[in-house]
Amino acid sequence: MAVRLFEGKDHAAAYLQYRVAPNEIISRIMGYMEKRAPNQFELAVDVGCGSGQGTNLLAPYFTKVVGTDISPAQLELALTNNKPPNVSYRQCPAEELPFASGEVDLVAAMTAAHWFDRQKFLLEADRVLRPGGCLALLSYTMEMDLEYGDVSNTLNDISKEFYAALLPYRDPYLGPSPLNIYSDMFDSCSYPDKEWNESVRIKRIVPLAGYIGMVETFSSYQKLLRKDPTEAGRLSEDIRNKLLSAMKASSPDTEVTVVVKYFYWLACKPV
């Protein structure tokens, strides 16, 4: 069973505004591909592309990049997101990709594969990949760290309160940890040439309000927001005020360093 989320326009807009694009991991993916199949960069497919941040990152490397998503709201925003000329979008499920067998050089899914019907998706990725083509799945843990002067530890204790408050609203389809989902998918991938990479720390300097906005894009926060908008707003405000107090700052525009803990795995289809 696949899960459909991120379909409201407000949620899609927040996703585009606040999510961290994993530029550093794209470089690693391309390095992996170049070692195995240099100069075979015709078509990349970004599955579950959302509003296209990751899709656009692939554009400099491929002749053609296609982002696919089940959500019309996400794709509508993707089309307005400074789309490079070699990028296009298709609405479809992750398990039914509109490509011929053996047509695709790279199938990527960035912070999305945990929502797919995982076994069906892996079979579909295998179908569309050419021999020697690559599969790249990446995501990050919910627990982002904050860095700010000498109060980083205090900020992270406060952030843990935020994450703990959202835990009861976590979708049961995800289980206790997204990392476990990706590890299971890695183990079930039959390609002998594959590699697992954990704890890639990607840092971005953002306003504190941007960090709060990022957490508010989580599916668990959105579930709370639908159930009790007042409580969701109170939680965000409480965490924001605690963080500002610890920082001895008054403006949510004060910048902090957010550390996003990515993990990913790569696999090459046998020739």
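Author: Axes here are lines fitted to C-alpha atoms, for helices over the stretch in contact, and the angle between two of them runs from 0 to 180 degrees between N-to-C directions. The model under discussion is predicted. In it, helix H8, residues 208-216, packs against helix H10, residues 229-247, at an angle of about 150°, and the two axes lie 11 Å apart. The crossing of H8 and H10 is right-handed.

From H8, the residues that take part are Leu208, Tyr211, Ile212 and Glu216. They meet Ser236, Ile239, Arg240, Leu243, Leu244 and Met247 of H10.

The contact may be set beside the nonpolar cores. Tyr211 and Leu243 belong to the largest nonpolar core, which has 60 residues, and are among the members that touch the most others. Phe62, Leu106, Met144, Phe162 and Val258 are also in that group. A second, separate core of 33 residues includes Phe99, Ala112, Ala113 and Trp265. In soluble globular proteins, nonpolar side chains tend to be buried together.

Beyond its neighbours within four places in sequence, Leu106 is in contact with Ile29, Met33, Leu43, Ala44, Val45, Leu58, Phe62, Leu129, Cys134 and Ala136.

Phi of Lys248 is near 55°, a positive value in a residue other than glycine. Lys248 counts as exposed because its relative accessibility is 76%, and the cut-off for exposure is over 50%. Ser199, in strand S7 (residues 193-207), likewise has a positive phi, near 60°, and is not a glycine. With a relative accessible area of 54%, Ser199 is therefore exposed.

Confidence remains to be considered. The protein averages a pLDDT of 90, and 92% of the residues score at least 70. Strand S1 (residues 43-47) has the highest confidence, at 98, whereas helix H1 (residues 9-18) has the lowest, at a mean of 48. Over residues 1-8 the pLDDT stays under 50, although the model has 27 contacts for them beyond four places in sequence. Residues 11-16 also have a pLDDT below 50, and this stretch has 20 contacts in the model beyond near neighbours in sequence.

Notes. Residues are numbered from 1 along each chain as its sequence is written. This is a predicted model: local features need pLDDT of at least 70, side-chain atom pairs count only at pLDDT 80 or more; totals for chains, interfaces and linings use all residues. Side-chain values use heavy atoms; hydrogens and water are left out. A nonpolar core is a set of buried Ala, Val, Leu, Ile, Met, Phe, Trp, Tyr and Cys residues joined through side-chain atoms within 4.5 Å. Buried means under 20% relative accessible area, exposed over 50%, partly exposed in between (1.4 Å probe, protein chains only). Contact means heavy atoms within 4.5 Å. Helices (H or I, at least four residues) and strands (E, at least two) are DSSP runs, numbered from the N terminus. A crossing is left-handed if the near helix is turned anticlockwise from the far one by less than a right angle, and right-handed if clockwise. pLDDT is the predictor's confidence in each residue, from 0 to 100.
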